Amino acid sequence: DDDDDDGAGDGEARKYRSEQRPADGETVDGMLKVTAGTFHEAVVRRDADVVAYVGFPKLDKWGHFYAAAALGSVREMFASNETAREGFEIAFVDGTHNDVPPPYGSDAQTPTVAMFAAGNKNWPRYMTDMNDGKLTAFEVLQFIMRTSAKPSTVQHAHWLTQSLSQNALHRRIWDDDEL
């Protein structure tokens, strides 16, 4: 049922839609699956840098595909490094089925990418230009380096920008002929 109350009582009668709680560690398109009901626990209370992507795959299939490809690949790059992995996560919320409660969500049906930095969760930093989802891994890594609060996250992101192939960093999946 998409309309479960997430338990966020803020004095209003408004109900926030939330998908059922995902299994621990469940991923969607290479990112950790988070719902409105698990957002606070998985993103806000977690002692890690969390990049939260609220996407609308049903409204913009290709924009979501492009963004998810870049974000999912960067999550994989971090997952291969034990130190970096422990302090960092990329999470996905399907905005077509989940209303992320205030102050972290909005009623706008537009995709957002925000860094919820460790130790500074009340001031998420938003990616200002998502270019209709057309993001490269390099752009995501630059965003992480600018907005992270954890030295281990910044160092790993920087190391990735220096050590990965140009293709891995700058691949423009929207230009690929195979799609």
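Reader: What volume of space lies in the largest pocket?

Author: About 260 Å³ lies there. A pocket is an open set of points on a 1 Å grid over the protein atoms alone, where a 1.4 Å probe fits, with protein on both sides within 12 Å along at least five of seven lines; lining residues have an atom within 4 Å of a point. The volume is the space filled by probe spheres set on the points, which are joined across faces, edges and corners. This is a predicted model: local features need pLDDT of at least 70 and side-chain atom pairs pLDDT 80 or more, while totals for chains, interfaces and linings use all residues. Residues are numbered from 1 along each chain as its sequence is written, and side-chain values use heavy atoms, without hydrogens and water.

Reader: Which residues of the lining are closest to the centre of the largest pocket?

Author: Of 19 lining residues, these are Val54, Gly105, Ser106, Ala108 and Thr112.

Reader: Why is the pair of Phe39 and Phe116 called edge-to-face?

Author: Rings of Phe, Tyr and Trp (its six-membered ring) pair if their centres lie within 6.5 Å; planes under 30 degrees apart are stacked, over 60 edge-to-face, the rest tilted. The centres of Phe39 and Phe116 are 5.6 Å apart and the planes at 80°, so the pair is edge-to-face.

Reader: What makes the pair of Phe39 and Tyr104 tilted?

Author: Their planes stand at 40° and their centres 6.0 Å apart, so this pair is tilted.

Reader: Why does Phe116 count as buried?

Author: Buried means under 20% relative accessible area, exposed over 50%, partly exposed in between (1.4 Å probe, protein chains only). Phe116 has 1% relative accessibility, so Phe116 is buried. Phe39, at 2%, is therefore buried as well.
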